[in-house]
Amino acid sequence: MAADAEDDLASPHAQLRWAADWAATYLAHAADYPVLSRSRPGDLSTVLPAAAPERGEPMSAILDDVDRLIIPGITHWNHPGFLAYFANTGSPPGVVAELITAALNVNGMLWRTSPAATELEERSLDWLRQMLGLAADWRGVITDTASMSSLLALAAARERAVPDLRRRGLAGRADLAPLVVYASEQAHSSIDKACLMLGLGLDNLRKVAVDADFQMRPDDLAAAIVADRKAGRLPMAVVATVGTTSTTSIDPVPMIAAIARREGLWLHVDAAYGGAAAVDLERRGVLDGVDQADSLVVNPHKWLLVPMDCSALYLRDPERLKAAFSLIPEYLRTPEADSVTNYMDWGVQLGRRFRALKLWMVLRAYGREGLAAVIREHCRLALLLAGWIDAEPRWERLAPVPFSTVVFRHRPVALGDDEAALEAHNARIMDIVNQSGEVFLSHTKLGERYALRVAIGNAGTGEDTIARCWALLRAAAAADSGESGASPRI
Ligand SMILES: Cc1ncc(COP(=O)(O)O)c(C=O)c1O
């Protein structure tokens, strides 16, 4: 939509009304855009002035450029056909909260720099804990992403493993064996990054083997810990995943927890995507064993309708995290420090966005049952698609479907077991489907096998979207394998 004449948008009121109207119209019509941006590299860079503006410009001109220049370069995560990666939803209550957050422009580093920001963070995280059916002794902190949450959790684990770490660090210490972290082969790359950042080294991240359903093998975990101890290394932490990125597999957390406890290791559970499913009472079991862990991450910005970004990190003993990070210069000392939470003590950053407002508003607007209804529907749609795939001899499902993500590929007879040819064929199918602008899929690799993924996570996605996606996939597969009269490519 075009902004009105310059004069009409001169006042902040007019601008904000325009923005509110714009956002409401956008949310109602996200499906009208091609879901995957059709921009080519450099399209925006070449039209943006290279020189920084010397003088201010009218807001009407700037807002016009949002539609004219920016929107064509947007891939629409709020489009119902967004089925790539882990799809998400910027729900209207969350969008409203983001506007209010920006207007307040609060920095919640200390309790006194906005008491409501801190206390709302504590309470909304406790509501989320209740909704997930977790024990009452978890304490939470909001971070930007699961990558940051897992980094903080493993920093707390490192603090516990090496008590004089703060003073002496890790480097050049003859008294300290290499610290080892364990995660499955299917764990998210954020765990690798945390090991990089914490100075542990990728060689000290053990990728434990998975079974045929892509779940960590507890026996292999136990054996790896024994082998590392024998070799003089110091096992530090285990990361179990509930909802792995490629296939959404669920590691056997109760068994992993028993091993971690026996061995005295920190257990971190990465439930960034899958943890959300526990808001549905019938799916509570996905978090079985998590109450035995030391830390847990669940991302409300993935599958709980909260706009980017909002990650919930829970800890059994937040003192460990504070021991790792709390550092208070004089100008940040406050007399109430002992009786309140100062969230600057819980992580790397000092300044903190007021993310709790959107979490609180979304949890209130939907309630546990409202969120569970969305998750139930997404899981139903995923099983529907899995059933269609299973019914077709030339399509192959490559993993179970515990949540709302389906992983599969097309296998024309002519290609046999030629993995390279199957990869090229399925990659072309994905390209053809993505070029439609109606749906957007992404891929993964399971060993040598290239796989397509349909990840359902947008509240607007319905049965019609999934049926259309399936029709597009079948048409693309037929076209690329030369069936149905299309020009043969294989
Ligand atoms: C299981 C899992 N953990 C962590 C992450 C990282 O999430 P974030 O983008 O919030 O850092 C992802 C991303 O999809 C994920 O799937």
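1. Basis. The structure is a predicted model, in which local features require pLDDT of at least 70, side-chain atom pairs count only at pLDDT 80 or more, and totals for chains, interfaces and linings use all residues. Residue numbers start from 1 along each chain as its sequence is written. Helices (H or I, at least four residues) and strands (E, at least two) are DSSP runs, numbered from the N terminus.

2. The seven-stranded sheet. An open sheet with mixed pairing has the strand order β1-β7-β6-β5-β4-β2-β3; two strands are taken to pair if DSSP finds at least two bridges between them. The edges are formed by β1 (139-143) and β3 (205-208), and because each has a single partner strand, one side of each lacks a neighbour in the sheet. From one strand to the next, the twist averages 20°. Angles here run from 0 to 180 degrees between N-to-C directions, and axes are lines fitted to C-alpha atoms, for helices over the stretch in contact.

3. Details of that sheet. Strands β6 (residues 295-298) and β7 (residues 311-315) run antiparallel and are joined by four bridges. Within this pair, V298 stands opposite A312 in β7. Helix α8 (residues 189-197) packs on the sheet and touches β2 (179-184), β3 and β4 (234-241), its direction making about 160° with that of β3. Contact between two residues requires that their C-beta atoms, placed from the backbone, lie within 7 Å.

4. Helices α6 and α8. Helix α8 also meets helix α6 (residues 146-161): the two axes come within 9 Å and cross at roughly 50°. The pair is therefore oblique; by the convention used, angles under 35 degrees are roughly parallel, over 145 roughly antiparallel, 65 to 115 roughly perpendicular and the rest oblique. The crossing of α6 past α8 is right-handed, meaning that the near helix is turned clockwise from the far one by less than a right angle (anticlockwise for left-handed). On the α6 side the contact uses A146, S147, S150, L151 and L154, and on the α8 side S190, I191, K193, A194 and M197. These residues divide into six nonpolar, three polar and one charged. In this classification Ala, Val, Leu, Ile, Met, Phe, Trp, Tyr, Cys and Pro are nonpolar, Asp, Glu, Lys and Arg are charged, and the others, Gly among them, are polar.

5. The ligand shell. Which residues come nearest to the ligand? Of the 15 around it, they are T145, A146, S147, H188 and T245; a residue is near if its C-beta atom, placed from the backbone, lies within 6 Å. By class, the shell has four nonpolar, ten polar and one charged residue.

6. Helices α9 and α10. The axes of α9 (residues 218-230) and α10 (residues 253-263) come within 9 Å and cross at roughly 15°, and the helices are therefore roughly parallel. The crossing is right-handed. P218, L221, A222 and I225 of α9 meet M255, I256, I259 and E263 of α10. The contact comprises seven nonpolar residues, no polar ones and one charged.

7. Helices α4 and α13. Helix α4 (residues 92-104) packs against helix α13 (residues 356-390) at about 150°, with the axes 8 Å apart; the two are therefore roughly antiparallel. Here too the crossing is right-handed. From α4, the residues P93, G94, V96, A97, E98, I100 and T101 meet L357, K358, M361, V362 and A365 of α13. Eight of these residues are nonpolar, two polar and two charged.

8. The four-stranded sheet. An open antiparallel sheet has the order β8-β9-β11-β10. Its edges are β8 (395-397) and β10 (442-446); each has a single partner strand, so one side of each is left without a neighbour in the sheet. Neighbouring strands are turned by 40° against each other on average, direction ignored. Five bridges link β10 to β11 (residues 449-455) in the antiparallel sense, and S442 stands opposite R453 in β11. Helix α14 (residues 419-435) packs on this sheet and touches β9 (405-410), β10 and β11, at about 25° to the direction of β11.

9. Backbone points to inspect. Most residues other than glycine have a negative phi, and most peptide bonds are trans. The bond from M308 to D309 is cis, with omega near 0°; D309 is in the loop between α11 (300-303) and β7. N105 has a positive phi, near 50°, and is in the loop between α4 and α5 (115-131).
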